[in-house]
Amino acid sequence: MSTQQSEESQSLDSQDKDCQFIDVTTHTFLVPEKLIKVPEDIPKWEKSQAYSDLVGFILALNDSVKNKKIRDSYPVSSKIGKLYELLEELDKWVDEIPPIDQPQRFGNKAFRTWFSRFRERGPVLLTESLAPEFEPAVPELFVYLIESVGNDTRIDYGTGHEFSFVAFLCCLCKLGVLREEDFPAIVLQLFERYMYLIRKLQLTYRMEPAGSHGVWSLDDYQFLPFLWGSSQLMDHPKIKPKSFPNEEIYNGFFKDYIFLSAIKFINQVKTGPFAEHSNQLWGISGVPAWSKVNSGLVKMYRAEVLSKFPIIQHFVFGSLLTLKPSTNRPPAVVDSVPNVTNLTTRPGMMPPPAHPPLSS
């Protein structure tokens with residue numbers, strides 16, 4: 001990990017510790033709302049306390065899973081267990097609400113039934129997953145949680161919804177529900193279980209990618225499994241970046257590494273050569289070291305997800321994640337966003353595709 005990344009993670013560790021002292025009994029919670037109205041609001045967002053907290057939280061989690069496998073030994077608190085059970089309950093509802101017969105191939109309307117049940121029962125489910133003293137926070141927390149499973153009008157899912165789940169987890173840490181010692185389990189237990197739920201929703205209800213750019217994006221739906229997953233693999237003695245497209249690698253190790261689990265899923269749902277349907281990921285396989293992959297993905301995430309108006313316009317702000325100016329801004333992205341297809345020396349790789357037209 002680079003010095004800059006270490007400094008960012010350390011900065012965020014201290015922020016997280018400070019955030020844990022929010023007094024639930026005296027704090028005034030708010031129902032989060034959208035505040036990013038026009039593209040010109042993005043600089044305000046990038047200077048906000050919410051941006052600083054969330055970027056730091058992502059980096060702290062990234063550091064916490066370095067060289068750790070899912071099945072390694074690390075603390076798994078009862079609070080993690082309760083939230084894991086919440087995700088399992090949502091998973092069971094998918095089995096109870098099968099897709100309906102409809103003429104449209106994508107966007108099965110049964111998802112709206114599932115989503116409606118979540119909207120109705122979710123607050124109670126979340127309340128039961130937390131200690132009683134955190135009940136006043138549930139209306140604010142639940143908005144981030146329900147935003148993390150996709151949009152019930154468009155029946156789609158994308159990196160903005162994934163980001164909402166991160167916001168939900170960050171809020172739990174700011175309240176002290178989860179603490180620094182829970183960080184590895186947040187990624188390797190909760191986030192991993194969340195990914196399996198989301199994949200089940202995608203497959204069952206044929207959810208469309210939200211704002212997909214096809215071959216120009218890292219993945220149709222997710223980003224963080226690759227960012228945090230590359231940290232897991234940082235110093236692996238055998239699995240190098242060039243190895244992950246190999247079937248024997250992702251089939252043999254997907255239970256321990258979220259990066260490889262994501263690659264396995266992509267190969268299950270897409271057909272044809274990997275270099276064609278996942279060109280950006282194929283490019284990553286030519287980068288010589290996981291540390292370089294990880295630092296490049298951090299920069300890419302901040303520039304291509306967190307700074308994009310079509311994504312951030314849907315993000316909501318409450319009392320825990322505010323648009324107020326930050327008192328501890330994370331370092332700026334100095335380098336330009338890496339084009340991973342240009343970082344590679346992988347033989348036989350496809351040339352970089354032309355950039356997609358700007359959306360109107």
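Q: Which residues does Trp114 touch, not counting residues up to four places away in sequence?
A: With those neighbours left out, Trp114 touches Leu90, Trp93, Val94, Ile97, Val149, Leu201 and Tyr205; a contact means heavy atoms within 4.5 Å. This is a predicted model, in which local features need pLDDT of at least 70, side-chain atom pairs count only at pLDDT 80 or more, and totals for chains, interfaces and linings use all residues. Residues are numbered from 1 along each chain as its sequence is written, and side-chain values use heavy atoms, with hydrogens and water left out.

Q: Which members of the largest nonpolar core touch the most other members?
A: They are Trp45 and Trp114, in a core of 113 residues. The largest share, 13 residues, comes from helix α8 (residues 183-205). A nonpolar core is a set of buried Ala, Val, Leu, Ile, Met, Phe, Trp, Tyr and Cys residues joined through side-chain atoms within 4.5 Å. Helices (H or I, at least four residues) and strands (E, at least two) are DSSP runs, numbered from the N terminus.

Q: Why is the contact between Lys174 and Asp53 called a salt bridge?
A: The term asks for a side-chain nitrogen of Lys or Arg within 4 Å of a carboxyl oxygen of Asp or Glu. The N to O distance here is 2.8 Å, so the pair qualifies. Lys174 lies in helix α7 (residues 159-175) and Asp53 in helix α3 (residues 49-64), so parts that are 121 residues apart in sequence are tied together. The whole structure holds nine salt bridges.

Q: Why does Lys174 count as buried?
A: Its relative accessibility is 7%, and buried means under 20% relative accessible area, exposed over 50%, partly exposed in between (1.4 Å probe, protein chains only). Asp53, with a value of 5%, is buried as well.

Q: What makes Lys200 and Asp91 a salt bridge?
A: Their closest N and O atoms are 2.5 Å apart, which is within the limit for the term. Lys200 in helix α8 and Asp91 in helix α4 (residues 78-96) are 109 residues apart.

Q: Why is the pair of Phe315 and Phe317 called edge-to-face?
A: Rings of Phe, Tyr and Trp (its six-membered ring) pair if their centres lie within 6.5 Å; planes under 30 degrees apart count as stacked, over 60 as edge-to-face and the rest as tilted. For Phe315 and Phe317 the centres are 5.2 Å apart and the planes stand at 85°, so the pair is edge-to-face. Phe315 is buried at 4%, and Phe317 is buried at 3%.

Q: Which residues do ring pairs link into a cluster?
A: The cluster holds Trp93, Phe111, Trp114, Phe115, Phe118, Phe142 and Tyr205. The count of aromatic pairs comes to 26.

Q: What puts the charged end of Arg199 over the ring of Tyr196?
A: The rule asks for NZ of Lys or CZ of Arg within 6 Å of the ring centre and within 35 degrees of the ring normal. The charged end of Arg199 sits over the ring of Tyr196, 5.2 Å from its centre. Lys264 lies over the face of Phe254, at 4.8 Å from the ring centre.
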